[in-house]
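Colleague: I'm new to reading strands in a model. Could we go through this one together?

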Amino acid sequence: MSRRSRRDEDREERPGRSRGWIVFLRDVVVIIVIAVVVSFLVKTFVVRSFFIPSASMEDTLVIDDRILVDELTPRWNDYTRGEVVVFKDPGGWLDTPPAAPMTPPAAAVDWLLSLVGLSASDSDDHLVKRIIGLPGDHVVCCNALGQITVNDVPIDELDYLKLPDGDTEASNDPFDVTVPDDALWVMGDNRDRSKDSRYNTDQPGNGFVPLENVVGRAFLRTWPLDRFGAIDAHPEVFAGVPDPEPGESR
């Protein structure tokens, strides 16, 4: 029997090595595709990342805070008073011009980064406020103590409001509204620097935010690390507020 040459052995080994690299690359591609799909589904239906572009929610949220928004839970449990929500502009709330369109390569990179929560380029097209009134609620400002009343019950918001020293008025602008079906009345915690429902009553939605515009409930500050923590809905503030009487919504 003749001895096999080293060259013959190398010829036999090379196809096996090539097939090994092909299998490896295929597995890597599959893993990447699965990760992108999972990230897309999470971003679309479960959690999204946003950054805070304004001072309207200080000191609960400050400029450049990065937050996570729960899109899933409210679909089943509805929203509650006091929750901080992110929503698309109902029309006329934002006075900043739209951002210049990205180049196709930049848009593709931004899209990929947004899938995994590393980009939140659409934050400038959204707003973040606190829910004060739910559908059917009668929301009035203000009583003799400067407190907002919801369904005739005063709420003490001083724990989270940012007001000038010596000022205890929950709003310097009076209002008396009944929240329509499928809408919210929202306000910023930094009351003197928030263009919220009070200042958009002349817009198409009369200052109310349609529920279909709401992305979800902000529940966590993730960046910077020294501000990491849960976003408080202050349920105790609204604990005594009754449900609206049947037929109150319009």
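Modeller: Strand 3 and strand 11 (residues 214–223) run antiparallel and are joined by three bridges. Strands are DSSP runs of E, at least two residues long, numbered from the N terminus, and two strands pair if DSSP finds at least two bridges between them. This is a predicted model, in which local features need pLDDT of at least 70, side-chain atom pairs count only at pLDDT 80 or more, and totals for chains, interfaces and linings use all residues. Residues are numbered from 1 along each chain as its sequence is written, and side-chain values use heavy atoms, leaving out hydrogens and water.

Colleague: Which residue in strand 11 stands opposite Val85?

Modeller: Strand 11 runs antiparallel to strand 3. The residue opposite Val85 there is Arg217.

Colleague: Why is strand 3 largely enclosed by the rest of the structure?

Modeller: Buried means under 20% relative accessible area, exposed over 50%, and partly exposed in between, with a 1.4 Å probe and protein chains only. Strand 3 (residues 84–88) is largely enclosed because, of its five residues, the number buried is four.

Colleague: In what order do the four strands of the open sheet come?

Modeller: Their pairing is antiparallel. The edge strands, each pairing on one side only, are strand 7 (153–155) and strand 8 (175–178). The order is 7-6-5-8.

Colleague: What is the bridge partner of Val140 in strand 6?

Modeller: Strand 5 (residues 138–141) pairs with strand 6 (residues 148–150) over two bridges, in the antiparallel sense. Val140's partner in strand 6 is Thr149.
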